[in-house]
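We'll go stop by stop.

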Amino acid sequence: MSDQYQGSDRSNAQAPAIKPARLTTANRTAILGAMFLMATSSIGPGFITQTSTFTVKLGAAFAFAIVVSIIVDIAIQLNVWRVIGVSGLRANELGNAVLPGAGWFLAAAVFLGGVVFNIGNVAGTGQGLFNLLGLSPKIGGPLSALLAIGIFLSHRAGVALDRLVVFLGSIMILLMIYVMVVSHPPYGEAARNAVAPESVDFLVITTLIGGTVGGYITFAGAHRLLDSKITGPANVGHVTRVSVMSIIVTGIMRVLLFLAVLGVAAAVSKDSPTIAADAFQAAAGDLGRKLFGIIYWAAGLTSVIGASYTSISFVTTSKTPARTRNIMTVAFIVLASVLFVVLDKAPQKLLIFAGAFNGLILPIAFTIVLWVAWRRRDLLGGYKYPTWLAIVGLIAWLLTIYLGYRSLSGLAALWAS
């Protein structure tokens with residue numbers, strides 16, 4: 001990004017604690033950008049389709065899976081934001097500091113998964129514009145990619161990114177509130193199932209968690225936070241507040257989408273290849289399908305930006321010039337766009353493979369985060385990590401191991417097919 005990256009200044013390990021600086025307007029813009037980058041990276045085209053499908057399949061019982069995914073998200077993100085924010089180091093830099101080469105292995109895994117997912121994200125923008133304007137996805141996808149490229153070529157790329165994801169994230173929330181209201185979901189039934197579900201599908205839960213806190217998504221907001229210059233032990237309070245607010249934003253977006261679809265689930269065929277679009281149309285007629293187009297396009301565009309920015313942040317360091325990072329990000333978007341046009345669709349088998357692969361990335365990356373929290377106080381500038389937070393992280397880590405095992409089984413089955 002064009003604003004200077006504040007990263008691996010290891011001198012903060014010897015520097016005395018300083019009083020947290022007053023937030024500037026630029027700081028606040030970057031904080032909002034980090035919050036919404038995390039939220040919109042989680043709520044991509046794949047998540048919208050997945051959530052709509054599971055809601056139609058499970059009905060109100062899907063509320064339980066939503067709640068579990070949010071709880072796990074909180075446990076993971078609180079630790080990720082705290083360690084990265086206090087250390088001032090990216091996940092790949094932390095990995096190399098813990099075990100030489102581990103960070104670059106993690107970077108390669110995130111990068112490869114990001115390429116595949118970005119093909120799907122570009123496809124999502126094309127589908128969104130098709131529902132909104134009737135434009136061919138092969139035209140709408142590349143046009144949307146050009147808009148994302150323009151953000152990273154901007155003279156003030158960091159500010160442009162922050163403002164766009166905040167704007168598009170806000171639009172998605174407002175439109176989903178409208179669709180939720182007109183779909184008249186059974187709020188009471190959803191609330192009951194959130195704590196006492198009529199049925200529990202553990203495969204759905206593991207799929208949902210893997211799709212919302214796997215791969216690059218886990219680190220999108222935290223890496224962007226490093227650009228805000230609010231890092232180090234003295235700014236723990238700021239880091240904690242930003243991480244909590246980002247989780248709240250993400251949770252709100254997930255719940256709104258679930259309720260919007262739940263209200264019309266009975267009117268949507270479970271076998272439809274366009275369940276999400278059908279649900280919005282059932283809720284608000286032709287206007288609903290147009291609104292779906294806007295939401296799907298916005299979700300795709302912000303995910304293109306989030307996947308590209310975060311993937312490149314893993315294969316660069318704090319010493320990489322901002323201009324170089326931006327050019328690499330543009331090339332990353334171009335690659336995904338060209339592959340989408342050539343393939344003429346998002347490669348479903350590759351997307352499934354990348355999703356399963358993401359389930360393996362999370363436990364590896366989170367192991368590094370927790371190791372720094374428990375054993376590498378030097379990387380945290382002498383900061384004493386809260387025991388309760390580390391224990392919460394440890395419990396979540398055990399779950400990521402299980403998810404990784406499930407993903408490994410999925411990879412083996414896919415490879416054999």
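How many salt bridges does the count come to? Four, where a salt bridge is a side-chain nitrogen of Lys or Arg within 4 Å of a carboxyl oxygen of Asp or Glu. Some ground rules before we visit them: this is a predicted model, so local features need pLDDT of at least 70 and side-chain atom pairs count only at pLDDT 80 or more, while totals for chains, interfaces and linings use all residues. Residues are numbered from 1 along each chain as its sequence is written, and side-chain values use heavy atoms, with hydrogens and water left out.

**The whole thing**

Colour by secondary structure: you have 15 helices and zero strands. Helices (H or I, at least four residues) and strands (E, at least two) are DSSP runs, numbered from the N terminus. Of the 417 residues, 57% count as buried; buried means under 20% relative accessible area, exposed over 50%, and partly exposed in between, with a 1.4 Å probe and protein chains only.

**Stop 1: Asp73 and Arg254**

Aspartate 73 sits in helix H3 (residues 62-87) and arginine 254 in helix H11 (residues 236-262), so the pair ties together parts that are 181 residues apart in sequence. Are the two partners buried or exposed? Aspartate 73 is buried at 2% relative accessible area, and arginine 254 is buried too, at 0%.

**Stop 2: Thr51**

Threonine 51 belongs to helix H2 and is buried, with 0% relative accessible area. Leaving aside residues up to four places away in sequence, threonine 51 touches Phe62, Leu208, Leu257 and Phe258.

**Stop 3: H2 against H12**

Select 45-58 for H2 and 275-314 for H12. The two axes come within 8 Å and cross at roughly 150°. Axes here are lines fitted to C-alpha atoms, for helices over the stretch in contact, and angles run from 0 to 180 degrees between N-to-C directions. Which residues meet? From H2, show Pro45, Ile48, Thr49, Ser52, Thr53 and Val56; from H12, show Ile275, Ala276, Phe292, Ile295, Tyr296, Ala299, Gly300 and Ser303. That contact divides into nine nonpolar, five polar and no charged residues. In this scheme Ala, Val, Leu, Ile, Met, Phe, Trp, Tyr, Cys and Pro count as nonpolar, Asp, Glu, Lys and Arg as charged, and the others, Gly among them, as polar.

**Stop 4: Ala61**

Step into the loop between H2 and H3 and pick alanine 61. Alanine 61 is buried, with a relative accessible area of 5%. Draw a C-alpha distance from alanine 61 to glutamate 198: 5.8 Å, for residues 137 apart along the chain. Beyond residues up to four places away in sequence, alanine 61 touches Asn193, Pro197, Glu198 and Ser199.

**Stop 5: H6**

Select 137-153. Helix H6 has 17 residues and reaches 24 Å from its first C-alpha to its last, close to the expected 24 Å; the expected span is 1.5 Å times one less than the number of residues. Its buried residues are Pro137, Gly140, Gly141, Ser144, Ala145, Ala148, Ile149, Ile151 and Phe152. Those buried residues pack against helix H5 (102-133), H7, H12 and helix H13 (322-343).

**Stop 6: His184**

Follow H7 to its end, where histidine 184 comes next with a positive phi, near 50°. Histidine 184 is in the loop between H7 (157-183) and H8 (187-195), and counts as exposed at 61% relative accessibility.

**Last stop: two more bridges**

Pick aspartate 278 and arginine 289, whose side chains meet at 3.4 Å, N to O. Aspartate 278 is partly exposed at 23%, as is arginine 289 at 21%. Then go to arginine 376 and aspartate 378, a salt bridge with its closest N and O atoms 2.9 Å apart. Aspartate 378 is partly exposed, at 41% relative accessibility.

Note on methods:
Contact = heavy atoms within 4.5 Å.
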